[in-house]
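I opened my notebook to go through a protein model and jot down what I looked up. Here is what I had on the screen.

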Amino acid sequence: MTADDIHIEIDPRDPTAPYEQVRARLSELARSGALPVGHRLPTVRGLAERLGIAANTAAKAYRALEADGVIETRGRNGTFVAAAGEAADKEAAAAAATYAQRARRLGLDAESARTAVEEALRAAYRTR
């Protein structure tokens, strides 16, 4: 896959901010392997032009992806897909462990803690 093959559509009717639409799609492509580790991404300006968005919007998406460990910027060498799957799995496991410890300290039983997580996941993923 080349940078020109990256297909992202910004839906102006979607209440999700454009930068978040870009972030979510690039994250999905990286995590699925459609954008392999080490794949060079377009410059911020190049991505913005390709998608018809402001450069600041593309930069915000890249900053969020970098904070999530999905991409890495190597200075003048460019921006590349990082080994995001492992980093995301580790971060999610750490967050889950922190939640479990906190729920236990609050006196919740395992079933109540599990129910709270399931409700939060439904809200986050908008599924009912």
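My entries follow, one topic at a time.

**Entry 1: what kind of model**
I noted first that this is a predicted model.

**Entry 2: the core**
I started with the inside. The largest nonpolar core has 19 residues. I wrote down the ones with the most contacts inside it: I6, V22, L26, L35, L41, L47 and Y62.

**Entry 3: salt bridges**
How many salt bridges are there? I got a count of six. I looked up some of them in detail.

Taken together, E20, R23 and D68 are linked in a network of salt bridges.

Is R23 buried or exposed? Its relative accessible area is 16%, so R23 counts as buried, the cut-off being under 20%. For E20 I read 23%, so E20 is partly exposed. D68 has a relative accessible area of 30%, so D68 is partly exposed too.

I also checked R25 and E28. Their side chains meet in a salt bridge, 2.7 Å from N to O. Both lie in helix α1, three residues apart, about one turn of the helix. R25 is partly exposed, with a relative accessible area of 27%, and E28 counts as partly exposed at 48% relative accessibility.

**Entry 4: charges over rings**
Which ring does the charged end of K60 sit over? I found the ring of Y19, with the charged end 4.3 Å from the ring's centre. K60 has its place in helix α3. Its relative accessible area is 39%, so K60 is partly exposed.

In sequence, K60 and R23 are 37 residues apart, and in space they are 8.6 Å apart, C-alpha to C-alpha.

Another charge goes with another ring: R74 lies over the face of F80, at 4.0 Å from the ring centre.

**Entry 5: ring with ring**
Next I looked for aromatic pairs. To describe such a pair, I would need the distance of the ring centres and the angle of the planes. I had nothing to describe, though, as the structure holds zero aromatic pairs.

Which residues make the nonpolar surface patch of about 310 Å²? I listed V117, L121 and Y125. I looked up L121 on its own, and L121 is found in helix α5 (residues 110-125). At 44% relative accessibility, L121 counts as partly exposed.

Methods
Residues numbered from 1 in each chain as written. Predicted model: local features only at pLDDT ≥ 70, side-chain atom pairs only at ≥ 80, totals over all residues. Heavy atoms only, no water. Phe/Tyr/Trp six-rings, centres within 6.5 Å; stacked < 30°, edge-to-face > 60°. Lys NZ or Arg CZ within 6 Å of the ring centre and 35° of its normal. Patch = residues over 30% accessible without salt bridge, like charges linked within 9 Å, V, L, I, M, F, W, Y side chains within 5 Å. Areas by Shrake-Rupley, 256 points an atom, 1.4 Å probe, with all protein chains shown as cover. Salt bridge = Lys/Arg side-chain N within 4 Å of Asp/Glu carboxyl O. Helix = DSSP H or I, 4+ residues; strand = E, 2+ residues; numbered from the N terminus. Buried < 20%, exposed > 50% of the residue type's maximum accessible area, 1.4 Å probe, protein only. Core = buried A, V, L, I, M, F, W, Y, C linked by side-chain atoms within 4.5 Å.
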